[in-house]
Amino acid sequence: MTNNLEITEIEKTAADDGRRFLQSTFWAEFKGAHGWQPHFFEVKGSEGESFKLTVLVRTFKKACFSFSIAYIPLADVVRFVGDKADSSLMESLAKSLKPKLPRDTMCVRFDPAGDYVSIEEKNRRVEELLLSSAMLKKTSVDIQPPDTVLLDITKSEDDLLSSMKNKWRYNIRLAERKGVIVKAVSAKDADFDKELDAFYSLYQTTASRDGIGVHPKAYYRDLLERGSEGDIRVTLYIASHEDEPLAAIVVLFCKAEAVYLYGCSGNHKRNLMPAYLLQWTAIRDAKAFGSPLYDFYGCPPDDDENHPMHGLFLFKTGFGGALIHRLGSFDAVLNGAVYGAYRFAENARAFYHKKLMKKIRGR
């Protein structure tokens with residue numbers, strides 16, 4: 001792709017063309033109902049290369065002051081000069097998009113696609129991108145998880161089970177043996193409201209216990225209703241024992257991947273290992289749907305026993321997937337004065353939530 005770009009806004013892009021879910025029409029239109037404005041573009045280079053791009057724009061207003069952020073998640077926007085990552089396509093996209101965005105847009109935020117097995121290579125690519133650009137800034141807060149676990153689910157179920165740690169296979173069977181039942185819930189089901197209430201109650205328990213944020217219930221309802229049919233599906237799984245909901249997850253399925261978006265659990269009967277059976281059920285469904293990968297979507301970057309989320313690392317890697325690292329978020333700055341003030345506020349908010357509040361809560 002050359003850097004002389006022709007960008008045309010189009011009605012919408014295809015949701016079922018094999019791209020990851022964050023670049024799908026489905027996700028753009030869902031986020032469009034929750035504070036973002038979706039835009040769809042066709043991008044062409046001077047030599048005839050082309051690709052489609054979804055861009056989300058959010059505008060913040062206070063009194064007479066307003067500013068906007070354009071966000072491009074998990075798009076293939078990193079190019080290489082020789083063996084070095086180059087930011088010129090990201091710069092060209094930001095400059096070409098500027099006249100098509102709100103006048104008060106202060107930056108174009110990218111989460112570039114790219115999965116790196118080595119964290120050293122990932123860090124090297126980040127440095128190369130920053131060295132190749134005066135316009136690009138690395139954010140202190142990544143929007144999408146920079147580290148995750150990807151499981152190849154094109155293997156047979158027997159091979160998937162054999163690639164897990166022994167304890168993981170044991171825990172799946174233990175949950176089944178102890179009578180844990182996993183139910184797949186669609187928004188079309190007659191008892192959807194009841195199951196959604198159970199999920200949300202578990203999520204509130206998890207948020208209180210672990211100090212995480214939670215969307216209003218209407219957010220999850222909308223996601224599940226939109227994903228009840230079509231090329232992209234979203235399913236709620238609830239694990240229960242003797243009619244008591246114990247844990248739940250929400251998983252999205254598309255042609256490119258299946259993604260474990262949300263998970264929660266109660267404080268009772270955790271010894272029955274419902275989380276293991278939940279994941280195995282979703283993995284099997286993802287395989288049946290035709291997704292080639294199962295993305296556990298967020299994980300500590302390494303096996304550091306001192307990391308506050310080390311238990312999450314052990315849980316997600318135990319299913320046999322590969323730990324991978326992504327580049328994280330970058331801003332192509334369009335308005336330096338406004339961007340500087342916003343960056344200061346964003347850093348302060350991140351410090352409050354990630355550092356100060358955890359110390360206050362004893363974590």
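**Overall build**

The model is predicted. The protein holds 10 helices and 16 strands. Its radius of gyration is 21 Å, close to the 21 Å that the globule rule gives for 363 residues, so the protein is as compact as a globular protein of that length. The C-alpha trace spans about 60 × 45 × 45 Å along its principal axes.

How much of the protein counts as buried? Of the 363 residues, 49% do. The accessible surface comes to about 17400 Å². Carbon and sulfur atoms account for 51% of that surface.

**Helix H9 and its neighbours**

Helix H9 runs over residues 310–317. Its buried residues are His310, Phe313, Phe315, Lys316 and Thr317. What do these buried residues pack against? Two of the partners are helices: H5 (166–177) and H8 (274–289). The others are strands: S9 (147–152), S13 (258–265) and S15 (322–325).

**Charges and salt bridges**

The protein has 51 positive and 49 negative side chains. The centres of the two sets lie 5 Å apart. The structure holds 24 salt bridges.

| Positive residue | Negative residue | Closest N and O atoms |
| Lys138 | Asp142 | 2.8 Å |
| Arg209 | Asp210 | 3.4 Å |
| Arg221 | Glu225 | 3.6 Å |

In the bridge between Lys138 and Asp142, Asp142 counts as partly exposed, at 26% relative accessibility.

Arg209 and Asp210 form another bridge. Arg209 is partly exposed, with a relative accessible area of 23%. Asp210 is partly exposed as well, at 38% relative accessibility.

An α-helix has 3.6 residues a turn, so residues three or four places apart point the same way. Arg221 is partly exposed at 27% relative accessibility, and Glu225 is partly exposed at 38%.

Some salt bridges share partners. Which residues do they join into one network? The members are Arg20, Asp115, Glu257, Asp295 and Arg326.

Technical notes: Residues numbered from 1 in each chain as written. Predicted model: local features only at pLDDT ≥ 70, side-chain atom pairs only at ≥ 80, totals over all residues. Heavy atoms only, no water. Buried < 20%, exposed > 50% of the residue type's maximum accessible area, 1.4 Å probe, protein only. Helix = DSSP H or I, 4+ residues; strand = E, 2+ residues; numbered from the N terminus. Contact = heavy atoms within 4.5 Å. Rg over C-alpha atoms; globule rule 2.2 N^0.38 Å. Areas by Shrake-Rupley, 256 points an atom, 1.4 Å probe, with all protein chains shown as cover. Lys, Arg positive; Asp, Glu negative; His and termini not counted. Charge placed at Lys NZ, Arg CZ, Asp CG, Glu CD. Salt bridge = Lys/Arg side-chain N within 4 Å of Asp/Glu carboxyl O.
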